[in-house]
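This briefing is for a reader who is new to the structure shown below.

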Amino acid sequence: MNSTPLPASATDWHTLEVENSLELLNSHAETGLSTSDADQRLQVYGTNELQETAGRSPWQILLDQFTNIMLVMLIAVAIISGILDVVKLQQAGGVTEGEIPFKDTIAILAIVVLNGVLGYLQESRAEKALAALKRMASPKVRVLRDSKQMDIAAKDVVPGDIILLEAGVQVAADGRLLEESSLQIRESALTGEAHAVNKQAKIALPEDTPLGDRLNMVFQGTEVVLGRGKVLVTGTGMQTELGRIAAMLQAVESEPTPLQQRMTQLGNILVSGSLVLVAIVILVGLIQSGWNWANFVQLVEVSLSMAVAVVPEGLPAVITVTLALGTQRMVRRNALIRRLPAVETLGSVTNICSDKTGTLTQNKMVVQWVDTLEHKYSITGEGYEPTGEFMNAGQKIDPQSNSQVKTLMFGSVLCNDAILQYEDGQWQVLGDPTEGALLALAGKAGLEQSSLTKQIPRVAEFPFSSERKRMSVICQQSDPNNDGKLENYVMFTKGSPEIILERCQEIHLGEGLEPLTPQLRAQILERNNEMAGRGLRVLGFACNYLAEIPNEGTEETTEQDLIWLGLVGMLDAPRPEVRDAVAKCRKAGIRPMMITGDHQLTAQAIAQDLGIASAGDRVLTGREISKLSQTELEVLVNEVNIYARVAPEHKLRIVQALQKQGKFVAMTGDGVNDAPALKQADIGIAMGITGTDVSKEASDMVLLDDNFATIVAATEEGRVVYTNIRRFIKYILGSNIGEVLTIAAAPIMNLGGIPLSPLQILWMNLVTDGLPALALAMEPPEPDVMERPPFNPKESIFARGLGAYMVRIGIVFAIISIALMWWAYNWTQAPGYTGDRDAWKTMVFTTLCIAQMGHALAIRSNSRLFIELNPFTNPFLLGAVIVTTALQLLLIYVAPLRHFFDTHWLSLEELGICIGFSALMFVWVELEKLFFRFYRRS
Ligand code: ATP
């Protein structure tokens, strides 16, 4: 078929009849485009992507960096130090030999710019990375090409493509409906209207029909809530309605995490605190000197240093990098983070509520039993390969020879939306694995899907939903004489056996129909329970004969008085790795719970096998939950771990009940109606493989492999991230406290000068503290990370001793450096001293830096000593300590650097003394660990 480029921007497709639209776009409803035609069209129309016009422009991101309160304060410090330099220059009557005027100002401004640029690079990288993650989760689309159904990336859809819609799918492009069945679409993304719209293919509408009333059209970005549809794509990419209002595009979600928000608050507090400190130092200094303004310049210098010292300039960058690294580690373990806060809060999860099918089990179904009450057949064969035997009491039987089984097999093929195909050397299912297993079963009975669906075509359907737990199809019979009934149409219904059985009045027995007596019903339920009790997934089948095609929306009345056909039991083996993951959860104080749409006995058998529940544990069913009040449910959720036959609305109630009990809940979901529960959960988790687009959109995290074990792995990573963040906050803020106290001590001890200039403090906060802090963020997990209870999500970051540690270490740090300062001052001022008399300042500077190296090495573990750890498990830290120490030495021994940073040459003896004092810090932290170890044991 040749394609002529089309007016892709034409907006009046809704006025056309189906045939005209197909003609105009040179497409065909039954065959779709050919692959080569589609490739050509992709060249002409471009990819089906929206140009991201929303979000911040690069300039805005850059500008935003300088609105950070810490940077604003640094700019203020730079300006004031510039003014001080002017005053000093005036007093000295010009630049003295070898002095660089405005050095501090220039250096601080350079650091501000550097910090801003780094922040900009990091943020734009983070935004790009998030966008890339989002693309990884981007939807696939089922299209018809070369007469075959296939899944392709949404961006490769072209005008003229025929796409197939089903519940849960996000519509990938604008299109004209060709066929539909109970199709309901939520168009709130476009029209703001929350209610789903019933779509109709077989109408043409007036030109001026508003967007919300174009019932024969579907639009990109909207969501299929129910039913199915076949659509001719009329517009892609920016040529869609959504493309036209690109401003409505949701920007990549990169909202700050709770921790980042708290850190911004902390920044504000520290900046205001340091301003108060500045005021106090100046005021007290002036009062002490009897308002001698000659001291003013020195007082301002002291207070500027203190102001710079208080603020942890390096912290925001380290936190951003840690969170970004966390998302990368998680994606390597198949957990794709969609909202950044999840990285940090995953460590707080107390309950994981998981679906059964596909998450705890493999979702590779194979039918093992067919039970028509009269006969029970075991089925041989493996996987989805449609070859195997029907066995009865050790004898092969021909399923075609038994009319009940034959009808049931017809139902398996016709009441089915999946496709079984042989590709890449194996049998694969396109669609629901449960239905794939039924097609394989029918194949074993000699039925072939493509010919049967032509012979007995589907004319109507009542689609499956998790609430209904069943589906029906109505097909036109070519030879209407089944069961002696002459009606033109046959309806096949399949679903949860209890529900189907309730709707049956007759049963196929022998060669005819019999009324379903209570005894027969009890026998059927017993057979069902027997299979479910062995962990099998059981479906019930029924049929009925209809004289007319039922209208849409009449399922409740049509799916009545059915004829029972039989049960089909399929095996869906548990995932082998889940047992260990469940055990790991228990050790970590996390309660795994199963919430499934399947039968209670199936759920119980699997849960028991995996260690989620023990024999005899209570199961709560959807029906029971419906009868419970929310307060009653809140009590029961504390003891019940298995929830069966639940509908999505029950999931929502279970999350709410758990949250009311103070639990922090991770909940999985895959269906279109799971979105509210996923949004309500503290961590909403969607399935990457089987999940609907709608559930993914509502989630915080997507499991790329649908595997429960991945949730546990992500939780572990979350704990590591949170522990590492706490570790470097301890490390950085402890040092800030030490610096401030040391600077404040200098004037009190009357040393005639301050030991540290603002530039040196910035150097410490950004470089000598910053590099080891970044390395601490890479610390591998401690072996007991999954043997501790979860973090309380409400606790402050300073809880559990962190605040006390910071203050304690800050004071120890200050005592060490003040002692050194006192010693060094007296040493350099002694009459016989031949070196630089200001060398004491550099000794203080060096001690503060090197003590932090010891601190970094010791703080790796809260409980284990440095010698008990393998130093090479965090090579970054070793590298950071070596590089930082070397840089510090360069500042002292390389003349231009010494000059710029205002340091002084230290003799080997002086350097040795600095290292000796510094080592005390390391010794102190190690002794603390020994003390707490002893204290806890006794
Ligand atoms: P989980 O919630 O753990 O994923 P599930 O797949 O059983 O388990 P649902 O998809 O909500 O949950 O299905 C609920 C029930 O509906 C199933 O137990 C089964 O009895 C029935 N069912 C599932 N798939 C189909 C289908 N394609 N056609 C008819 N009935 C189905």
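This is a predicted model: local features need pLDDT of at least 70, side-chain atom pairs count only at pLDDT 80 or more; totals for chains, interfaces and linings use all residues.

Residues are numbered from 1 along each chain as its sequence is written, and side-chain values use heavy atoms, with hydrogens and water left out.

**Domains**
- The chain is assigned domain 1 (13-52 + 131-251), domain 2 (335-359 + 576-714) and domain 3 (368-566), with bounds from an automatic or database domain assignment.
- Between the C-alpha centres of domain 1 and domain 3 the distance is 33 Å.

**Extent of the interface**
- Eleven residues from domain 1 and eleven residues from domain 3 take part in the contact (heavy atoms within 4.5 Å).
- Domain 1 and domain 3 bury about 900 Å² between them, and carbon and sulfur atoms give 46% of this; buried area is the accessible area (1.4 Å probe) that two parts lose on being put together, summed over both.

**Salt bridges**
- Three salt bridges are counted between domain 1 and domain 3, each a side-chain nitrogen of Lys or Arg within 4 Å of a carboxyl oxygen of Asp or Glu.
- K148 and E423 form a salt bridge through their side chains, at 3.7 Å from N to O.

**The side of domain 1 that touches domain 3**
- At least two residues each come from β2 (148-153), β4 (174-186) and β7 (223-235); strands are DSSP runs (E, at least two residues), numbered from the N terminus.
- β2 gives the largest share of this side, four residues.
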